[in-house]
Amino acid sequence: MTLPQPDQPIPPPSAPALSLRGIAKRFGGTIAVDGISLDVPSGSFYGIVGPNGAGKTTMLSMATGLLRPDFGTAAVQGVDVWAHPPEAKRLMGILPDGVRLFDRLTGEQLVTYAGLLRGMDRAVVSSRVGELLEALDLTQDAGTLVVDYSAGMTKKIALASALIHAPRVLVLDEPFESVDPISAANIRDILDRYVASGGTVIVSSHVMDLVQRMCDHVAVVAAGRLLAAGTVDEVRAGASLEDRFVQLVGGRSKTEGLEWLRTF
Amino acid sequence: MVADLLRLKLTLLRNSFRRSPWQLIGLAIGGLYALGIAGICAVALILLHSAEVELAQTFVVLGGAAAVLGWAVIPVVASAVDMTLDPARFTTFSVPMPKLLAGLALGGLIGIPGLATAIVALSTVGTWWRGPLAPVAALAGAVLGILTCIVLSRVVTTATAGLAASRRFKDASSLVFMIPLILLGPLAAVVTRGIAESADFLTGFARTLSWTPLGAAWSLGGDVSAGNLGAALLKLLIAGGTLAGLTWCWKVLLERALVSPPYAGSSRRKGGHLGLFSVIPATPAGAVTARALTYWLRDPRYSGSLVVIPLLPVLMFFQGSQTGEYGVLTVLGPLTAFMLAWAISADVSYDNTAFALHLASGVRGLDDRLGRATACLVFALPVTVAFSIFPFMVTQDWINLPGVIGFSLGILLTGLGLASVVSARYTVAVPLPGDSPFKKPPGNVAQTLGVQFGGMGVLLLLVSPEGVLLLLQFVTGDPLFGWINLAVGPLLGLVMFGTGVRLGGKWLDTRGPELLAQLSVNR
């Protein structure tokens, strides 16, 4: 604990945007995350890649205060997430994966709700909601109930809810899943501009191409462990990120066998 | 292929137990209950063996026709049809249609409703164990009847699949379904009285039904044992034809459904209408209130209980008018207060993992609790007061009014406080967001019962001062106790409300992530 006062955490200068130390979680007999330590530099666009079931979502849930870790600590801009949850959560915008939304609200109501829950002013919320819906191409469906949205629209409205309070750090779990290419490009523009102005974005994905093009840093997670982390160029070491990923994670099955598949 | 489909269904059923042992216990309790009722019906049917033919026939035909109707109607309105063998999932496998039909039909028998229907239907063989031919006819009738039930329910669900996929229809139907269910008691009272006055009516009604597709199959055993072989033969044709016709309809509908899956479209709507969000004060607690109130109106799981509330006085007034004794109406206020207050004891469970938004935005537990309780209080307070006064307008004996209002308000406020604590700590098994309020919820039934009954016990304890005061007034007849109650109820209630909201908020602050983890198990 390096914090000077427990009630008024003062972030040390140039603290990393997110700092995990030996964070671990076990569900029954399976170890989902096996002691990951990771520093996400402030102002970086950080990709987290890993095969299905690698522990990405579990790790990000522990980093954002949604799932209590069994071991280890997580700090956002130097604020301990588990010792000072309200302060840490104020700094973060979170798009969790695999949770429901309050989907009996209209899209507009949901984003407004997210803003008001953060204690924001009504006028500010209202103008930001309009701009966010416009930027995410949801204006035409602002009054539709979220339950009637398509999967991609649901993702976008959840993203809008995560952005509404202008957080310092954005943690997005699978933000591009089932989002159409045009919306994805729009979202990338928004995120690029956000990073350019000093914000930090952490995205998890299993689309390597996307991460290679979009992010400046990347961490490879598999079976609950951190296999590599650093700038994208460091991690891919000359190869494409996808090849390097396969090399690191392994598990490619031999392409022999299945001869019968060619016999028709 | 048919055997494969049945094996698939059994495997799916078995694997659903693997998720948690509590689920197995829950299913066992549900199964025992259903099979218990089926067992009682079966025993009753076998006892009918010694009754005269006419009486037994009336019971069997009416019961059978009701079963067929139930199989047709309940899956649609309750959207609770068992979709583990959803035909849409077999589109890519090119299963031959006859085998798919046979497999799905027999698969419908596996599961509690199918099993219970089969047990009861086959018991009619016992009823008609008279002479050599009647049991055979009864057996044939039972098999035809069971298959008709299952095929009919499949026809109806396939035909309305497009409708049922539309959220609006689902929401509306589950609400509309509540009303006859609640009024079942008085309706049954009226019907039984009508029937008691004309005993011949049922016999005639059953005789007519036995010539229709609804009752034909069930009347075979009775007609044979009464010696009406010609009639039995004709009814066999009717029943067989019904089954064949339904199967054909099902086949056609299924062929169509397999190539054109239901599309649940809805119109796009522009924004600009924030509803309650533009009315409430712009604070976190205010936002929670607006959200909760919106859900009370829009989510059928909440609004279902709102539909019940206005029916309560109707129900009790009716019962009073039967006996001419309206004293029992007095419980209306306290009962309503309890029902409304306790409705939010499962609030977080109703949110399911959407609760993650509260956790992620770091909203204070106190604001969360206060917002939800206020939302309920906004309409519960006027309703409770009105329902406390209503009975006295009927009886015109106002002496007990202050005491009853005090007691009701005490229950409402204390209940809201306690529910705020309970829903911050315990999750209970409730229907998932978007599911029908009648759907069997996933999750831990044993814990649900424990939490619900434990909580009600504690509530009883907490409102005992108001209860004792009310009793004292009833016993002594001294109106002073009533006036004391009118002061004590709201005051003590407010203290409990504040304590509950604060304590629940504190628990939520410390245990939010654990609560979310519990919620994500139920999905």
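A:Val76 has A:Val79 as its bridge partner in strand 5 of chain A. The model is a predicted one, in which local features need pLDDT of at least 70 and side-chain atom pairs count only at pLDDT 80 or more, while totals for chains, interfaces and linings use all residues. Residues are numbered from 1 along each chain as its sequence is written, and chains are lettered from A and ligands numbered from 1 in the order in which they are written.

Strand 4 (residues 71-76) and strand 5 of chain A run antiparallel and are joined by two bridges; strands count as paired if DSSP finds at least two bridges between them. Both belong to an open sheet of four strands in chain A, ordered 2-1-4-5 with antiparallel pairing. Its edges are strand 2 (30-40) and strand 5 (79-80) of chain A, each of which pairs on one side only. Across strand 1 (18-27), strand 2 and strand 4 of chain A lies helix 1 (residues 56-63), at about 120 degrees to strand 1. Such angles run from 0 to 180 degrees between N-to-C directions, with axes fitted to C-alpha atoms, for helices over the stretch in contact.

A parallel pairing is found elsewhere in chain A: strand 6 and strand 7 (residues 169-173) share four bridges. Within strand 7 of chain A, A:Val171 is the bridge partner of A:Ile94. Strand 6 of chain A is covered on both faces, with A:Met92 and A:Ile94 buried on one side and A:Gly93 and A:Leu95 buried on the other. A residue is buried if 20 or more other C-beta atoms lie within 10 Å of its own, exposed if 12 or fewer, and partly exposed in between, with C-beta atoms placed from the backbone.

The loop between strand 6 (92-95) and helix 3 (107-117) of chain A holds A:Arg104. A:Arg104 counts as buried because it has 24 C-beta neighbours inside 10 Å. Beyond its neighbours within four places in sequence, A:Arg104 is in contact with A:Leu145 and A:Val147, and also with B:Thr294, B:Tyr295, B:Arg298 and B:Asp299; a contact requires C-beta atoms, placed from the backbone, within 7 Å. The C-alpha atoms of A:Arg104 and A:Val147 are 6.1 Å apart, although 43 residues separate the two in sequence.

The contact between the chains takes 40 residues from chain A and 37 residues from chain B. On the chain A side, helix 2 (85-91), helix 3 and helix 4 (122-135) each supply at least two residues, and helix 3 gives the most, with seven residues. That side divides into 17 nonpolar, eleven polar and twelve charged residues. Here Ala, Val, Leu, Ile, Met, Phe, Trp, Tyr, Cys and Pro are nonpolar, Asp, Glu, Lys and Arg are charged, and the others, Gly among them, are polar.

A:Val76 returns in the largest nonpolar core, which has 154 residues; A:Val76, A:Ile202, B:Ala341, B:Cys376 and B:Leu416 have the most contacts inside it. A nonpolar core is a set of buried Ala, Val, Leu, Ile, Met, Phe, Trp, Tyr and Cys residues joined through C-beta atoms within 7 Å. Helix 19 (residues 401-425) of chain B gives the most to this core, with 13 residues.

As a whole, chain A contains nine helices and ten strands, which are DSSP runs numbered from the N terminus (helices H or I, at least four residues; strands E, at least two). Of its 264 residues, 51% count as buried.

Note on methods
Two residues are in contact if their C-beta atoms, placed from the backbone, lie within 7 Å.
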